[in-house]
Amino acid sequence: MTEAVIVVALLLVGACATAAVAVRDPVRQSLVLAVLGVVLAVLFTVLQAPDVGLSQLAVGSALTPLLLLLTVRKVRRRAQRAPDGPAGRRGREGGP
Amino acid sequence: MNGWILAAAVVLAAGLGATLRGVVTGPLRRRAAAQNLSTALACPALLLLAQGYARPAYVDLALVLAVLGPVGTLVFARLLADELADDPPHARTATFTAAALGAAVVVAVSVATGPGRALVKLLVIGALLVGGNLVASRALAGGMQEGRRD
Amino acid sequence: MQGRRTLLAVAEVAAWWVPLAALWLVLVSTVDPLEAAVGAGASSVVALVARGARRAVTGR
């Protein structure tokens, strides 16, 4: 049973990390990264490393998405101010 | 080995698997709602794991997640307010299902713990979990509109 | 007037301190005198911060 829950957590981490790479838009990527932080904390707990899980939770669930979203917002403001620059051609939705 | 870890594995596989699918596909509002639900479902799983491993110290992880999960959702609700304003996420059924699951897990673990200081700690975690997620999903559904400045 | 305001401030900090110290005692793993002392100190710091935050939010 202990191995089963480890396998479940590993599969979740693998799927979530693959999705975080595959999603192209940074805003949606930050949402996937927040979930990845939570899933990684669960994996660390299952592997009997709750101290690592605690720091992963503290950083991954709120701090990483906050930094990413603030960066995206700043880049967009700059792109709106200079709409003929190379960054201005990207649409609001982003991605190809 | 024991039922607690089996229950945690089921919650992780079904609940977090479903939220992972929700956060990867679909429009932005569905992804934001799924991110909120992922913290609401991981916290009961951590409580079940702490009970299953018979390590009361592992409950601290659930406490930290119950505090920081709604904070992360509020970050998204504040910074994505423009994108979510036209089409706010209303995942009422899923939110109440997750809240009911959290409350049921807290009650089950509390019954297994018995009276004492650990019981009070579990009840504090349960109140933070249910209340925090209801507040976070309400903010996601449009409660941050008046705080918008731009 | 001044004494009355000071009394109100002390009462508010004490009203923050009691639940904060109780929360500390609930969340620590073992209750012993050292933990109680550290909890009392931390609760008083956080009680002062909480009063400052409450005054900043309500604007008084």
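Two notes on conventions. Residues are numbered from 1 along each chain as its sequence is written, and chains are lettered from A and ligands numbered from 1 in the order in which they are written. This is a predicted model: local features need pLDDT of at least 70, side-chain atom pairs count only at pLDDT 80 or more, and totals for chains, interfaces and linings use all residues.

Chain A has three helices and zero strands, and its pattern along the sequence is α-α-α. Helices here are DSSP runs of H or I with at least four residues, strands are runs of E with at least two, and both are numbered from the N terminus. Of the 96 residues in chain A, 36% are buried, meaning that 20 or more other C-beta atoms lie within 10 Å of the residue's own, with C-beta atoms placed from the backbone. Taking contacts in chain A with a separation of 6 or more, 48% join residues 24 or more positions apart. A contact means C-beta atoms, placed from the backbone, within 7 Å.

Now chain A against chain B. How many residues does each chain give to the contact? Chain A gives 34 and chain B gives 38. On the chain A side, the elements giving two or more residues are helix 1 (2-22), helix 2 (26-46) and helix 3 (50-81). Helix 2 of chain A provides the largest share, 12 residues. By class, that side has 28 nonpolar, four polar and two charged residues. Nonpolar covers Ala, Val, Leu, Ile, Met, Phe, Trp, Tyr, Cys and Pro; charged covers Asp, Glu, Lys and Arg; the others, Gly among them, are polar.

Within chain B, helix 2 (residues 28-52) and helix 5 (residues 92-113) pack at about 10°, with axes 10 Å apart. Helix 2 and helix 5 of chain B are therefore roughly parallel, a term for angles under 35 degrees. Residues making this contact include Leu37(B) and Pro44(B) of helix 2 and Leu101(B) and Val105(B) of helix 5. The contact residues divide into 15 nonpolar, two polar and no charged.

Last, chain C, with two helices and zero strands. Its radius of gyration, taken over C-alpha atoms, is 14 Å, well over the 10 Å from the globule rule for 60 residues, so chain C is more spread out than a compact globule. That rule is 2.2 Å times the number of residues to the power 0.38. Of the 60 residues of chain C, 3% count as buried.

Conventions. Contact = placed C-beta atoms within 7 Å. Axes fitted to C-alpha atoms, helices over the stretch in contact; angles between N-to-C directions. Parallel < 35°, antiparallel > 145°, perpendicular 65-115°, else oblique. Buried ≥ 20, exposed ≤ 12 C-beta atoms within 10 Å, placed from the backbone.
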